[in-house]
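Look at the chain below and trace its backbone from one end to the other.

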Amino acid sequence: MASYVCWKCRKKFDSAEIATGIRCPYCGNKILFKETPPVLKKISTD
Ligand SMILES: [Zn+2]
């Protein structure tokens, strides 16, 4: 299950919501980012 973020309106939605085509169901924009789950990293700044 992949989720996408609209480039234009920044809304998130699931790929199941856009089964008819890769586009934003809210504004119709076709430029989307595939949202990756947040990665927890330990960053040392010392
Ligand atoms: Zn949109």
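In this predicted model, three strands make an open sheet. Their order across the sheet is β2-β1-β3, and the pairing is antiparallel. Which strands stand at the edges? They are β2 (12-14) and β3. Each has a single partner strand, so one side of each is left without a neighbour in the sheet. From one strand to the next, the twist averages 35°.

Along the sequence the pattern reads β-β-β. The chain has three strands and zero helices.

**The two pairings**

Strand β1 pairs with β2 and with β3. The table sets out both pairings.

| Strand pair | Direction | Bridges |
|---|---|---|
| β1 and β2 | antiparallel | three bridges |
| β1 and β3 | antiparallel | four bridges |

Now follow single residues. Start with Ser-3, whose bridge partner in β2 is Asp-14. Next comes Tyr-4. Which residue is its bridge partner in β2? That partner is Phe-13. Tyr-4 also has a bridge partner in β3, namely Lys-34. Tyr-4 is therefore bridged to both edge strands, to β2 through Phe-13 and to β3 through Lys-34, with β2 and β3 each standing at an edge.

**The hairpin**

β1 and β2 form a hairpin. How many residues lie between the two strands? There are five. In this hairpin, Arg-10 takes a positive phi near 65°.

**Two faces of one strand**

In a regular strand the side chains alternate between the two faces of the sheet. Strand β1 has a covered face and an uncovered one. Tyr-4 and Cys-6 belong to the covered face. Ser-3 and Val-5 belong to the uncovered face.

**Burial and contacts**

How much of the chain counts as buried? Of its 46 residues, the share is 7%. Contacts give another view of the fold.

**How confident is the prediction?**

The chain averages a pLDDT of 82. A score of at least 70 is reached by 85% of the residues. In the chain, confidence is highest in strand β1 (residues 3-6), at 89. It is lowest in strand β3 (residues 32-35), at a mean of 86. Where pLDDT is low, the predicted coordinates should not be read in detail.

Conventions
Residues are numbered from 1 along each chain as its sequence is written. This is a predicted model: local features need pLDDT of at least 70, side-chain atom pairs count only at pLDDT 80 or more; totals for chains, interfaces and linings use all residues. pLDDT is the predictor's confidence in each residue, from 0 to 100. A residue is buried if 20 or more other C-beta atoms lie within 10 Å of its own, exposed if 12 or fewer, and partly exposed in between; C-beta atoms are placed from the backbone. Two strands pair if DSSP finds at least two bridges between them. Axes are lines fitted to C-alpha atoms, for helices over the stretch in contact, and angles run from 0 to 180 degrees between N-to-C directions.
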